[in-house]
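Please read this report alongside the sequence and the structure shown below.

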Amino acid sequence: MYRLYVNPNVKKGHIHPEIQGHFSEHLGRCIYEGLYVGENSPIKNTNGMRNDVVEALKEMQIPVLRWPGGCFADEYHWRDGIGPKEGRKKMINTHWGGVVEDNSFGTHEFMELCRQLGCKTYINGNVGSGTVQEMSEWVEYMTFEGVSPMADLRTANGHADPWKVDFFGVGNENWGCGGNMTPEYYANLYRRYQTYVRNYKSDAPIFKIACGANVDDFGWTEGVLKTCFRAPAFLHGFMDGISLHYYTHPGGWEHKGSATDFDEAMWYQTLNKTLYMEMLIAGHTAILDQYDKEKKVGLIVDEWGTWFDVEPGTNPGFLYQQSTMRDALVAGINLNIFNKHCDRVRMANIAQLVNVLQSVILTDGEKMIKTPTYHVFNMYKYHQDAELLSSSIETEQIGTETDKVPNLTESVSLGKDGRIHVTITNLSVTEDYDICGEFTGTQIQGVQGEILTNAMRAHNTFDAPETVHTESFDGCKVDGTQISFTIPACSVLHLALTV
Ligand code: AHR
């Protein structure tokens, strides 16, 4: 019997909805085909956006979407993507498959997509190959309400009203694909570029994000903060957030391995590498704490997820991969970690939304499937805007000689709906576990549960789209302040407690 301890009287912080955020890049079939098919497509769409995909993402309560990259962001020139489509510049997408980018999805289309999704907007600007003027004018184009050259241009292009830019990233991976800079050089550029990311609406300031580290490059975080830390941006500081990128590639960059064909050893290796996120957040937070004791600057994990070999026969530059129960566990574990660090992790964006890396949705022509990762986000959505509660769970170490992991992870919140939401992952491929939950001083009136469980390699295909799906879980007994249940092997569980 493993004990779960929850103290509903101890609230540990607010879980920003954006912790369950997403990322969409001009990469492979994410934007084109996955999200946007154009007004004239036989696939049902509204203003070019796939209706089936939009509907699924709304159900999952997508809180925020990052665009246009990724590496693509530092090669993207926003003026190429506005105005009549037939006049838009074509370019080669050098990073991703060398295909022709026709710019038919640009700023207006992104804002329309976010309008349909009802989500916040996260724009990533170009520092690597763009100018300060270009960035400044993009912000003016999107957000200025009065008379100005850019506001007039926007109006001429059919959108008189300004949009709201909620988050703005000043460059992406500028230590690598975004210009191969040193931290000090980038930080000085950041100081300059962010100056011209103007807040035209004082009541809706833009949340400015500096490019942070790759994985455990703590020297980058330190170097950037040393040179340009001043928070928060909307009070004449420089930044509201700094990013962190960490992908799980189980066999390392050179040997990522198959998304669907793996053994138990690879399962535990993958989950072990996923758990490294905990250490990364703690490490970068420790540096941030030295500059920002009041925790005003958010850690923005704006790229995370699994990165496997592409599906056989697909374009290597398109990063198209399947998603199994292993991905579901990766998602559940990471989201539990982010919840536990909600005092510092202000937003996180899984890579990427559709048809690229650890997607929540895959499409094939007019067909669409929800991946196991989708179902995890759909179960965890009750944590959005909730208050994190003090909780812990007894665990044991399982796995292989080289890759040990705890058998269980959890997080618990008091939801906006007044219920207590418990999410638990069982990392064991083979073992079920009995769990007894104790909720200090809190009488439990009832429990509703839903579970995602299956064999480790199980996944949905276009021929069998429902192989992995959530089911209701009614194996939970209530006794005063306690609950007890058995969590099956290889599963992600959500319990909603009425108190
Ligand atoms: O998500 C794919 C790529 O991974 C992004 O373009 C880049 O930022 C990262 O290296």
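## Helix packing and domain contact

Helices α7 and α8 run roughly parallel to each other, because the angle between them falls under 35 degrees. The model discussed here is a predicted one. Helix α7 covers residues 264–291, and it packs against α8 at an angle of about 15°, with the two axes 10 Å apart. The crossing of α7 and α8 is right-handed. On the α7 side the contact is made by Met 266, Trp 267, Thr 270, Leu 271, Thr 274, Leu 275, Met 277, Glu 278 and Ile 281, while α8 contributes Met 325, Arg 326, Leu 329, Val 330, Ile 333, Asn 334, Ile 337 and Phe 338. Sorted by class, the residues of this contact between α7 and α8 comprise twelve nonpolar, three polar and two charged.

Helix α8, residues 325–340, also meets helix α9, residues 372–380, and their axes come within 7 Å and cross at roughly 30°. The helices α8 and α9 are therefore roughly parallel to each other, and their crossing is right-handed. From α8, the residues Met 325, Asp 327, Ala 328, Ala 331, Gly 332, Leu 335 and Asn 336 touch Pro 372, Thr 373, Val 376, Phe 377 and Tyr 380 of α9. In this contact of α8 with α9 there are eight nonpolar residues, three polar and one charged.

A further pair is formed by α7 and helix α6, residues 218–228, which pack at an angle of about 20° with their axes 10 Å apart. That angle makes α6 roughly parallel to α7, and the crossing of α6 and α7 is right-handed. Among the residues that meet here are Phe 218 and Leu 225 in α6, and Leu 280, Ile 287 and Tyr 291 in α7. The contact of α6 with α7 has seven nonpolar, four polar and two charged residues.

The angles and axis distances of these pairs are set out below.

| Helix pair | Angle | Axis distance |
|---|---|---|
| α7 and α8 | about 15° | 10 Å |
| α8 and α9 | roughly 30° | within 7 Å |
| α6 and α7 | about 20° | 10 Å |

How is the protein chain divided into domains? The domain assignment gives domain 1, made of 2–8 + 389–498, and domain 2, which spans 16–386. The C-alpha centres of domain 1 and domain 2 lie 29 Å apart, and 49 residues of domain 1 are in contact with 43 residues of domain 2. Between domain 1 and domain 2 the buried area is about 3500 Å², with 67% of that area given by carbon and sulfur atoms.

Methods
Residues numbered from 1 in each chain as written. Predicted model: local features only at pLDDT ≥ 70, side-chain atom pairs only at ≥ 80, totals over all residues. Heavy atoms only, no water. Axes fitted to C-alpha atoms, helices over the stretch in contact; angles between N-to-C directions. Helix = DSSP H or I, 4+ residues; strand = E, 2+ residues; numbered from the N terminus. Parallel < 35°, antiparallel > 145°, perpendicular 65-115°, else oblique. Left-handed = near helix turned anticlockwise from the far one by under 90°. Contact = heavy atoms within 4.5 Å. Nonpolar A, V, L, I, M, F, W, Y, C, P; charged D, E, K, R; others polar. Domains from an automatic or database assignment. Buried area = accessible area lost by both parts, 1.4 Å probe.
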